Amino acid sequence: MHVESQWLTLGAALTQGDWEDGDDRTRCVGCGMGKWQPGEGAISCIDVPDGTFGNATGLALYAPCDHGFHQPLAGQTKCEPCEAGLFADASACFEDNIPGCTRCTPCGPGQYSNSSQSACTDCE
């Protein structure tokens with residue numbers, strides 16, 4: 001839920017990445033790790049979506065998982081590497097308008113991969 005820019009009794013506006021803490025509205029608090037807040041004047045923070053991570057406090061943006069990594073859960077602080085035999089690349093990650101990889105894809109027949117790979121290699 002977002003509230004139009006709300007002023008604190010101390011005279012400072014809530015900014016992106018912050019939320020108003022407490023009923024007395026006397027301080028801004030940065031969103032915790034794994035959470036973000038894109039709006040100003042917020043009264044809560046939002047979990048970063050699956051396929052992304054938030055590894056700092058006070059985030060107004062989150063980061064997508066890199067190729068070779070995935071995160072199937074929302075609200076996480078890091079992405080996990082794809083295991084050997086699996087990969088995560090741009091075509092598999094961004095086809096559903098998801099900002100990052102939520103899953104790893106198995107290599108095809110006659111292919112292999114080590115962990116954290118963005119593509120599979122053909123067997124010789």
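The protein shows an accessible surface of about 7,100 Å², and 52% of that belongs to carbon and sulfur atoms (areas come from the Shrake-Rupley method with a 1.4 Å probe, and for residues only the protein chains shown count as cover). Bear in mind that this is a predicted model, where local features need pLDDT of at least 70 and side-chain atom pairs count only at pLDDT 80 or more, while totals for chains, interfaces and linings use all residues. Residues are numbered from 1 along each chain as its sequence is written, and side-chain values use heavy atoms, with hydrogens and water left out. The structure holds four disulfides (a disulfide being a pair of cysteine sulfur atoms within 2.5 Å), and three of them are walked through below.

- The average pLDDT of the protein is 77, with 70% of the residues scoring at least 70 (pLDDT is the predictor's confidence in each residue, from 0 to 100).
- Over residues 1-13 pLDDT stays under 50, and the model has 30 contacts beyond four places in sequence for that stretch (a contact means heavy atoms within 4.5 Å).
- Where pLDDT is low, the predicted coordinates should not be read in detail.

**Overall layout**

- The protein has one helix and 12 strands (these are DSSP runs, H or I of at least four residues for helices and E of at least two for strands, numbered from the N terminus).
- Going along the sequence, you get the pattern β-β-β-β-β-β-β-β-β-α-β-β-β.
- Of the 124 residues in the protein, 31% are buried (buried means under 20% relative accessible area, exposed over 50%, and partly exposed in between, with a 1.4 Å probe and protein chains only).
- Take the contacts in the protein with a separation of 6 or more: 41% of them come from residues 24 or more positions apart.
- Val29 itself counts as partly exposed, because its relative accessibility is 21%.

**Cys31 and Cys45**

- These two cysteines form a disulfide with their sulfur atoms 2.1 Å apart.
- The link of Cys31 and Cys45 is left-handed, at -85° about the S-S bond.
- Cys31 sits in the loop between β2 (28-30) and β3 (35-36), and Cys45 in the loop between β3 and β4 (46-47), so the bond ties together parts that are 14 residues apart in sequence.
- Both Cys31 and Cys45 are buried.

**Cys65 and Cys79**

- Here the disulfide has an S to S distance of 2.0 Å.
- The link of Cys65 and Cys79 is left-handed too, with -80° about the S-S bond.
- Since Cys65 lies in the loop between β6 (63-64) and β7 (69-70) and Cys79 in the loop between β7 and β8 (80-81), the pair ties together parts that are 14 residues apart in sequence.
- Cys65 counts as buried because its relative accessibility is 3%, and Cys79 is buried with a relative accessible area of 14%.

**His70, a neighbour of that pair**

- His70 lies in strand β7 and, at 16% relative accessibility, counts as buried.
- Leaving out residues up to four places away in sequence, His70 touches Cys65, Cys79, Glu80, Pro81, Cys82, Cys101, Thr102, Arg103 and Cys104.

- A disulfide joins Cys107 to Cys120, with 1.9 Å from S to S.
- At -80° about the S-S bond, the link of Cys107 and Cys120 is left-handed.
- Cys107 is in the loop between β10 (105-106) and β11 (111-112), and Cys120 in the loop between β11 and β12 (121-122), so this pair ties together parts that are 13 residues apart in sequence.
- Cys107 is buried at 16% relative accessibility, and so is Cys120, with a relative accessible area of 17%.
- Cys123 is in no disulfide, and the nearest cysteine sulfur, which belongs to Cys107, is 8.7 Å away.
- With a relative accessible area of 46%, Cys123 is partly exposed.

- Most residues other than glycine have a negative phi.
- Ser116 is not a glycine, yet it has a positive phi of about 65°.
- Ser116 lies in the loop between β11 and β12 and counts as partly exposed at 26% relative accessibility.
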